Amino acid sequence: MKTTSPTWIFDGSEIPDPLGYGQRAVDFLRRLRHPKSRQPNHAFELPEWQERIVRRIYGPAHPDGRRIVRNVVILLPRGNRKTALGAALALLHTIGPERSNGGQTLFAASDQKQARIGFAEAASIIRADKRIDRAVRVADYRNRIEHPKSGSVMEALSSDAGTQHGRTPTFALADELHAWKKRDLWDVIRTGLVKVPGSLLVVITTAGRGQENIAAEIVDYARKVARGEIDDPATLPILFETSKDADWRDEAVWHSANPGLALGFPDIEGLRQLAREAESRPGDRDAFRQLHLNVWLDHSADPFVDMDIWDEGAAPVDLEALADQPCWLGVDLSSNSDLTAIVAAWRDGDGYLIRPWFFCPEDNLRLRADRDGVPYPRWAEEGFITPTPGNVVDFRAVEETIRDLCRRFDVREIAFDPHLARVMLANLAEDGFPAVEMRQGWVTMAPAIKELERAIVGRKLKHGGHPVLRWNVENIAVETDKAGNKSFHKGKSRDRIDGAVAAAMAIGRAAAGDTGRSIYTDTAERPGGLLVF
């Protein structure tokens, strides 16, 4: 596979600049001052690798003079002076040659504190030069910088401060996009930028966790552009990242991910100390890989399985071909705010095929998406999740789906987490459906989880690439007892793992059904036809 590494930054290749706009931008940045600079007169430090990035953004142009690049995605680890570069580019469009009369420049971050850091960086550059300081107005209390001569303004905004409709930015910098919990401000910025000819969006971020967030979407698109899978000259990917299987102890890997390291930033001794500590602390190791080597991690800090291996099972599952095959259902009903999940499992040689169905409350779907950091509305539109009327999941819709699955497939068992399931269990058992209780303790779930893990790691599980199920699986944190038995729990309170639990239940019952004996030791029959495991 073609590399995503920006080799052009270091190979000395020519960067087109037919109109001299790239040189003009570099000249402006070099005339700035920075209070922390060690250069004579505190001249703004623009190392060669950053200079080539600036030239690559502003130099190439269409025959009619329009800049080719409109979207820049920079993936850069901590300590490589992202904030200084971002603030300088914002000033280039506010007071420099890229400004326009009445133009709006936005410095957008995940929260008010992070937005303030970007604003403070720009303000410190302004105050380091009396000529610039006299030409602008810095409104600290509003996080706003004004250039009266042109009417151009720069504002720092945060994604947690509510929507900012009515914006028409000519330049927007999205800082640390991996930390944005909501996409409202992102959508406002994106739709605002298209109103203005020649607008520019720059994303500068470190690596994040998980796949269901704005940053993962944007970086994944940039990777496809970098590999040539998507032809998009308007998008410039600059991705300093490390593969998951790279040796995080190797200082050569550190240098490949940190272009400033050869120049003394970040501090090599500081990284060595962090690496020494990470040797014996797995949590610190993941933080080191994510923040200093730009390894995009799975959502859980203690992942159940490698999600790259999980993704190998994304081949489509043909439900029509499974109509006459024995089927087992796992059902995890939800409380008010959680998902409800049904997962069907079929034997496939010594592996399994699974297919999930998810349900969530329809009310406040956007609010729930912001809370959990995932695109519930889009999933609903694409049919990956079924919203039911009201602010809690309508169990009647869930029960009807189960009955429909029993009509369509040869369902041998319907295993329920008994919590919240008493009424539905009784309804189904009364009508002759094979409903069973499957308690969630160690004795019951540990063998099921072990079988699920065996199937995933052994590449014996096909799941169709369902995005909601994938999100649930990557949220899993694992607890292991002294005997090596594993149990699932949520990595954080807002994480959802309901589909993963239902998948383990379905596969556990399929494994027991295939052998003709129970893999559990405390099976007992109850009145009314229900079995308890």
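Which residue with a positive phi follows H16? That residue is Arg 459, with phi near 55°. Welcome to a short tour of this chain, which is a predicted model. The secondary structure comes to 18 helices and 19 strands, and buried residues make up 54% of the 533 residues.

**The chain as a whole**

- Taken along the principal axes, the C-alpha atoms fill a box of roughly 85 × 50 × 45 Å.
- Among contacts between residues at least 6 apart in sequence, 70% join residues at least 24 apart.

**Helix H3 and its meeting with H4**

- Helix H3 covers residues 82–94 and helix H4 covers residues 112–127.
- H3 has 13 residues, which at 1.5 Å a residue should span 18 Å; the end C-alpha atoms of H3 are 18 Å apart, so the two values agree.
- Of those 13 residues, 12 are buried, so H3 is largely enclosed by the rest of the structure.
- The buried residues of H3 include Lys 82, Leu 85, Gly 86, Leu 89 and His 93.
- The axes of H3 and H4 come within 9 Å and cross at roughly 65°. Angles of 65 to 115 degrees count as roughly perpendicular, and the two helices are therefore roughly perpendicular to each other.
- The crossing of H3 and H4 is right-handed.
- On the H3 side, the contact is made by Thr 83, Ala 84, Ala 87, Ala 88 and Leu 91. Their partners in H4 are Ile 117, Gly 118, Glu 121, Ala 122, Ile 125 and Ile 126.
- The residues of this contact divide into eight nonpolar, two polar and one charged.
- As a reminder for reading such a list, an α-helix has 3.6 residues a turn, so residues three or four places apart point the same way.

- H16 runs over residues 442–457, and its 16 residues should span 22 Å at 1.5 Å a residue; its end C-alpha atoms are 21 Å apart, which agrees.
- Buried residues of H16 include Thr 444, Met 445, Ile 449, Leu 452 and Ile 456. Glu 451 and Glu 453 are buried too.
- Arg 459 is found in the loop between H16 and strand E15 (461–462).
- With a relative accessible area of 48%, Arg 459 is partly exposed.

**Another positive phi: Asn 143**

- Asn 143 is a residue other than glycine with a positive phi, near 50°.
- Look for Asn 143 in the loop between strand E3 (137–139) and strand E4 (144–147).
- Asn 143 has a relative accessible area of 18% and is buried, whereas Arg 459 is partly exposed.

**The loop between H8 and H9**

- A cis peptide bond joins Phe 265 and Pro 266, with omega about -5°.
- Leu 263 is found in this loop as well, and Leu 263 is exposed, with a relative accessible area of 54%.
- Not counting residues up to four places away in sequence, Leu 263 touches Pro 47 and Trp 49.
- Leu 263 and Trp 379 are 116 residues apart in sequence, and their C-alpha atoms are 45 Å apart in space.

How values were computed. Residues are numbered from 1 along each chain as its sequence is written. This is a predicted model: local features need pLDDT of at least 70, side-chain atom pairs count only at pLDDT 80 or more; totals for chains, interfaces and linings use all residues. Side-chain values use heavy atoms; hydrogens and water are left out. Axes are lines fitted to C-alpha atoms, for helices over the stretch in contact, and angles run from 0 to 180 degrees between N-to-C directions. Helices (H or I, at least four residues) and strands (E, at least two) are DSSP runs, numbered from the N terminus. Angles under 35 degrees count as roughly parallel, over 145 as roughly antiparallel, 65 to 115 as roughly perpendicular and the rest as oblique. A crossing is left-handed if the near helix is turned anticlockwise from the far one by less than a right angle, and right-handed if clockwise. Contact means heavy atoms within 4.5 Å. Ala, Val, Leu, Ile, Met, Phe, Trp, Tyr, Cys and Pro count as nonpolar, Asp, Glu, Lys and Arg as charged, and the others, Gly among them, as polar. The expected span of a helix is 1.5 Å times one less than its number of residues. Buried means under 20% relative accessible area, exposed over 50%, partly exposed in between (1.4 Å probe, protein chains only).
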